[in-house]
Amino acid sequence: MDANRPFSGFAEVPHTADIALDVFAPNLEELFINAAKGLYHILGIRKGTKEVENIHISMVAEDREGLMVSLLNELLFHAANNQAGEFISLEINEYQLEADLLMLEKTGQQKEVKAATFNDLVIVQDAEGFHTRIVFDV
Amino acid sequence: MKIGQFEKINDFEWRLPRETQPGMRVPVVVFASERMLNEALQDRSLEQAANAAALPGLRGNVCVMPDVHQGYGFPIGGVAAADYETGVISPGAIGYDINCGVRLLCSTLPLQDVKTAITDFTAALYHACPSGVGGRGIVALKARELKAVCEQGSGWALKNGYATAGDIETTEDSGCMEGADMEAVSSRALERGVDQAGSLGAGNHFIEIDLVAEVFDSAAALAMGIHQGNLALQIHSGSRGFGHQICTDFVQKFQTVARKYQIDLPDRELVCAPLKSPEGQQYLAAMRCAANYAFCNRQLLGHSARMVFERFFPGAHLLNVYDLAHNIGKIESHQFGGEKINVCVHRKGATRAFGPDHPALPARFQKTGQPVLVPGSMGTESWVLAGTAAAMEKSCGSCSHGAGRVLSRTQAKHQIRGDELRSRLMAEGIYVQAGSLGGLAEEAPQAYKDINAVIACIEGAGLGRRIARLTPLAVIKG
């Protein structure tokens, strides 16, 4: 493990009515993947071993925050269809996102999340890498 | 934000002047005691109310109910009225669970006759009313039927044997908002809507069996069909994945629309479109589809509960008291400065509370005012109030929708264990049937404000008057 590598991951933070997630990563692509992992953590998703399909996601938004909300809501839609994704690749070019995912059968889910929101959403880049806070409506 | 920034109007009303924050177009008025105002200042809910006051074309004040708590963009327990001619509609100011609401049914059966049957009745109800994450509803709809549900709301349930004429009469808007248009709804939303009609969901949604413990106005209670000592039943649910997807679609879409109309907002979750714009009209049409779906959803759950009730207790009946929305945008006419103006009233975590003699109310509520259902937290009392003339003046005919959270879900889970909570409630005589113990802990009474303090503020501000108090006997959580 590289001790100089910036922290990468996510942490649930208190929010009165809903759920907020702090997400960290050394680069933007990993930030998006960590946010997706954080969402699956909140949902309490259990992924099965049955591979359903490979999907390609292509998104354009006004900014990175728009891409983040779009991606997370895309995953929520698939979760509602009993699928959970494993990222094969994810690329962000300016305000465009391209991702390939292997969709697995969802075998369980503990919590309902209605949506990822734009509430105070800002993706920050500093010396530590990238970080953001996402509020989910539950 | 600090309490010193608020002007005290009286013991239950506080005004935040529009000069408080750049961009505020109208003041914010908080209906709360000083103690509850201080509690509200512990999270960002009142900052969110000040942000909401930046929405273009608002009339009157942004109103904040005593059960207010932090949401996303717009606070839960907030009300904002936008001029229909010059104002906007904001999906985030209505919420993702469009027409989340409450239905109350009251029985002709005294509790003393059936006390020992409550546990079995609850278990049967749990099986008859699908609940939990995702999940299929009571009815699987074909595409044509989904269109009819969206256009007719509870009317579809009536035509298909899932409702009575009395149910329709005692539902807000008779269970159907005019102007719903399926063309405005995405294919994804339609996909999510086909199999969830008649399902409770998870989170804070519940079915609760109650005792009508006390009646405060006998004549009004009689008009509402509420009888002291009898069993009652509350259902809290909304438009399920169908509504969530519609809101998601339009919050995303309006990110560019707001810029198109040069609307600058302090929080992107407040994005909006002018009510009269094609985009605003499209959202209204889609939102009404979700509202009608939710009315039908609670109707199906209520019908299913009634079937179980009548099977368990032959000869007894379970009649609808009222069904109302607490996440909704409605075109209504209200007085502002002596002038009657058409506005879009955004109610997010707030209940309509029309006073007596309002033409939108059915004949049976003309004298009493609209029944206002204010459920407490799990294991605590719930209240039936009546809307007032004062609510019409002060809050565009709006009132609180519940107790309001004080603890985050994370804090609640750290402080409370689901199994211990269930044991404690059982020891208090409240039977609990829950799909998830973790979910149960998140909804513990300690996570919510004191419902009686909320009711005292509502009465103090004159937004509602007490009709009846309900105490819980059993709770079903998804």
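Me: Helices (H or I, at least four residues) and strands (E, at least two) are DSSP runs, numbered from the N terminus. With that in hand, in which strand does Val79(B) lie?

Reply: Val79(B) lies in strand E5 of chain B, which covers residues 74-83. Before we go on: this is a predicted model, where local features need pLDDT of at least 70, side-chain atom pairs count only at pLDDT 80 or more, and totals for chains, interfaces and linings use all residues. As for bookkeeping, residues are numbered from 1 along each chain as its sequence is written, chains are lettered from A and ligands numbered from 1 in the order in which they are written, and side-chain values use heavy atoms, with hydrogens and water left out.

Me: What makes Val79(B) buried or exposed?

Reply: The cut-offs decide: buried means under 20% relative accessible area, exposed over 50%, and partly exposed in between (1.4 Å probe, protein chains only). Val79(B) has a relative accessible area of 1%, so it goes down as buried.

Me: Which residues does Val79(B) touch, leaving aside its neighbours within four places in sequence?

Reply: A contact here is heavy atoms within 4.5 Å. On that basis Val79(B) touches Asn61(B), Val62(B), Cys63(B), Met65(B) and Phe74(B), along with Val345(B), His346(B), Arg347(B), Ala350(B), Ser395(B) and Ser398(B). Gly338(B) is 259 residues away from Val79(B) along the chain, and their C-alpha atoms are separated by 20 Å.

Me: Why is Glu145(B) called partly exposed?

Reply: Its relative accessible area is 23%, so Glu145(B) falls in the middle class. Glu145(B) sits in helix H4 of chain B, residues 143-152. Apart from neighbours within four places in sequence, Glu145(B) has contacts with Ala140(B) and Trp156(B). From Glu145(B) to Asn99(B) is 46 residues in sequence and 20 Å from C-alpha to C-alpha.

Me: What makes the phi of Glu94(A) worth a look?

Reply: Most residues other than glycine have a negative phi. Glu94(A) is not a glycine, yet its phi is positive, at about 55°. You'll find Glu94(A) in the loop between strand E4 (83-93) and strand E5 (96-108) of chain A. Its relative accessibility is 57%, so Glu94(A) counts as exposed.

Me: Where in chain B is Asp173(B), and what is its phi?

Reply: Look in the loop between helix H6 (165-169) and helix H7 (187-193) of chain B for Asp173(B). Its phi is near 60°, again a positive value in a residue other than glycine. With 28% relative accessibility, Asp173(B) is partly exposed.

Me: How do you know that chain B is as compact as a globular protein of its length?

Reply: Start with the parts: chain B has 15 helices and 19 strands. The radius of gyration of chain B is 21 Å, close to the 23 Å that the globule rule gives for 478 residues, so chain B is as compact as a globular protein of that length. That radius is taken over C-alpha atoms, and the rule is 2.2 Å times the number of residues to the power 0.38. Along the principal axes, the C-alpha atoms fill a box of roughly 60 × 50 × 45 Å. Of the 478 residues in chain B, 65% are buried. Take contacts in chain B between residues at least 6 apart in sequence, and 76% of them join residues at least 24 apart.

Me: And why does chain A agree with a compact globule?

Reply: For 138 residues a compact globule would have a radius of gyration near 14 Å, and chain A has 14 Å, so the two agree. Chain A is built from 2 helices and 8 strands, in the order β-β-α-β-α-β-β-β-β-β from the N terminus on. Its C-alpha trace spans about 40 × 35 × 35 Å along the principal axes, and 57% of its 138 residues count as buried.

Me: How do the residues lining the largest cavity divide into nonpolar, polar and charged?

Reply: The lining divides into 12 nonpolar, 13 polar and 9 charged residues. The classes are nonpolar for Ala, Val, Leu, Ile, Met, Phe, Trp, Tyr, Cys and Pro, charged for Asp, Glu, Lys and Arg, and polar for the others, Gly among them.
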